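The report below is meant to be read beside the sequence and the structure. Please keep both in view while following the text.

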Amino acid sequence: MEFAMALSAFLCFWPGFPAPALVLRCGLNASLRFSPRAALALSALASFCGAAGALLYRGGLWAAPQAARGPALIGSFLGGTLGRAWLLMFVARFSGSLMLARLQALPLLLLVALALLPARAPARRIQDPSAVRLGALCLFCAAADGFFGAGGPLLFARLLPPPILRSRSAPSSTALLVAMGGQAGAIALTLCAGAAQVLPPLMLLSVALGSLLGSLAAGAGQNAGRGTLSKGMRTALGVYLCFAMLALLEQAFGG
């Protein structure tokens, strides 16, 4: 099981799909072996490690624009903490997995649709946002990340596209900061509140290592100009994401 988890996390992050943590989140949730909370916890860990690996490959926190580092990290950490706080309050009130699955199913469907839509370059040059606007945007996107376990970088990339869109498979360094800061806040609050899922340590290590290596391999592939294989894998992940989402909806509303 641990090897399968590591391989699954690696394959989600390696092809450079626009929302690898979302693919892992929906795939785990669609499996009957994982509850919605377990799938959320594992995808949150994968999102954090994947973003950290991608930033590490680019040179660390210094890869992001200097003016964006502070607002992105502060806003995303607060947003991830708030999003996870809302989730924990809901879980405390409605402890059943079915209620949580139903609450998150339709928003996850919207995130899946957003991930599958082709990215387009903006019609005009996007000016750099102010620190307040950037921090608020990071807070909003990271709150979604903390509540759903995935999707924050995808929202950030759609709400604030770069002036020159390089590639769907190359998220901006600021978007990676949103994922890392948001999931750091969410995981820290979960641990401090004593609400962490009891999962095998080897499974957690496998998911973390698989996502970290996958993001590093994705960065190396982008520099090497990887072509047909990665496109085919991204298409396969998109198809898999659709089927996983359908299975998730059937479990939530199928009776």
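Trp 14 counts as buried because its relative accessibility is 17%, where buried means under 20% relative accessible area, exposed over 50% and partly exposed in between, with a 1.4 Å probe and protein chains only. The structure is a predicted model, in which local features need pLDDT of at least 70 and side-chain atom pairs count only at pLDDT 80 or more, while totals for chains, interfaces and linings use all residues. Residues are numbered from 1 along each chain as its sequence is written, and side-chain values use heavy atoms, with hydrogens and water left out.

Phe 10, at 25% relative accessibility, counts as partly exposed. Phe 10 and Trp 14 form a stacked aromatic pair, and the count of aromatic pairs comes to two. Rings of Phe, Tyr and Trp (its six-membered ring) pair if their centres lie within 6.5 Å, with planes under 30 degrees apart counted as stacked, over 60 as edge-to-face and the rest as tilted.

| Pair | Centre to centre | Angle between planes | Kind |
|---|---|---|---|
| Phe 10 and Trp 14 | 6.2 Å | 10 degrees | stacked |
| Phe 147 and Phe 148 | 5.1 Å | 80 degrees | edge-to-face |

Both Phe 147 and Phe 148 are buried.

The chain as a whole has 10 helices and zero strands, where helices (H or I, at least four residues) and strands (E, at least two) are DSSP runs numbered from the N terminus. Of its 255 residues, 46% count as buried.

In helix H7, which spans residues 152–159, the buried residues are Gly 152, Pro 153, Leu 154, Leu 155 and Phe 156, and their cover includes helix H2 (20–30), helix H5 (97–116), helix H6 (131–148) and H8. Phe 156 is also, with Leu 22 and Leu 42, among the residues with the most contacts inside the largest nonpolar core, which has 63 residues; such a core is a set of buried Ala, Val, Leu, Ile, Met, Phe, Trp, Tyr and Cys residues joined through side-chain atoms within 4.5 Å. Leaving aside residues up to four places away in sequence, Leu 42 touches Met 5, Leu 24, Leu 28, Phe 34, Leu 199, Met 203, Leu 204 and Val 207, contact meaning heavy atoms within 4.5 Å.
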